Amino acid sequence: MTKTLTKKAEKSSGKNGLHATSIDIPSKSRVVLVDMLNQSLAETFDLYSQVKQAHWNVKGPHFYQLHTLFDDTASEILEYVDELAERATTLGGTARGTARMSADASTLPEYPDDIANGMDHVEALIERFALYTRLTRECIDKATEMGDADTADLYTEISRGVDKRLWFLEAHTQAAR
Ligand SMILES: [Fe+2]
């Protein structure tokens, strides 16, 4: 961060990096919650871009079905990106949601750029959704521990959605081709 930007950030935020808000969740908890939401924001934006990558590059006899499925999936993930970012700002935090911020912070593996076949894309996405669903479930517990039922509820909504998306992907592997 440049000196000017740091100064600006100090001006608009308190010592803990949060903006002033009347919300009745202690600032100690909000610092932890905002960090968690920004970590999820990074992974969710990364996952969104990876599903789009699959949508654009998939080939093979099931092209159109998978191309469409991946696009529906990406649209749903993009809604979560917005909800996570806005929960972070609701809690007085600063959302860290540019492509570069997300790429820097995400713990998901990069998407392979040497695959084309439909089932290879399905398998690459299963691997990433399996990781993402586990991370999301951990966040439900952490938000509950912090006493923030609303953030836990947001993660529960996301968890239900991505579990279903994992099923949509895994259904391709659960019967003979
Ligand atoms: Fe498209």
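# Helix α3 and its partners

Helices α2 and α3 are roughly antiparallel to each other, a term for angles over 145 degrees, while under 35 counts as roughly parallel, 65 to 115 as roughly perpendicular and the rest as oblique. This is a predicted model, in which local features need pLDDT of at least 70, side-chain atom pairs count only at pLDDT 80 or more, and totals for chains, interfaces and linings use all residues. Residues are numbered from 1 along each chain as its sequence is written, and side-chain values use heavy atoms, with hydrogens and water left out.

Start with the whole chain. It has six helices and zero strands. Helices (H or I, at least four residues) and strands (E, at least two) are DSSP runs, numbered from the N terminus. The pattern along the sequence reads α-α-α-α-α-α. Along its principal axes, the C-alpha trace spans about 55 × 35 × 20 Å. Of the 177 residues, 40% are buried. Buried means under 20% relative accessible area, exposed over 50%, and partly exposed in between (1.4 Å probe, protein chains only). Now take the contacts with a separation of 6 or more: 76% of them join residues 24 or more positions apart. Contact means heavy atoms within 4.5 Å.

Now turn to the first helix pair. Two packed helices are described by the angle between their axes and the distance between the axes. Helix α2 covers residues 27-57 and helix α3 covers residues 63-90. Their axes come within 8 Å and cross at roughly 160°. Axes are lines fitted to C-alpha atoms, for helices over the stretch in contact, and angles run from 0 to 180 degrees between N-to-C directions. The crossing of α2 and α3 is left-handed. Left-handed means that the near helix is turned anticlockwise from the far one by less than a right angle; clockwise is right-handed. By class, this contact of α2 with α3 has 17 nonpolar, five polar and three charged residues. Ala, Val, Leu, Ile, Met, Phe, Trp, Tyr, Cys and Pro count as nonpolar, Asp, Glu, Lys and Arg as charged, and the others, Gly among them, as polar.

At 8% relative accessibility, H55 counts as buried. Leaving out residues up to four places away in sequence, H55 touches H67, F70 and D71.

Follow α3 itself. Its 28 residues should span 40 Å at 1.5 Å a residue, and its end C-alpha atoms are 41 Å apart, which agrees. The expected span is 1.5 Å times one less than the number of residues. Buried residues of α3 include L66, L69, F70, T73 and R87. The buried residues of α3 pack against α2, α5 (118-145) and α6 (149-170). Just after α3, G92 takes a positive phi of about 95°.

The last stop is α6. The axes of α3 and α6 come within 11 Å and cross at roughly 165°. That makes α3 roughly antiparallel to α6. This crossing is left-handed. The contact includes F70, E76, Y80 and R87 of α3, and D150, Y155, R165 and F168 of α6. By class, the contact of α3 with α6 has eleven nonpolar, three polar and seven charged residues. Buried residues of α6 include T151, Y155, G161 and R165. The buried residues of α6 pack against α2, α3 and α5.
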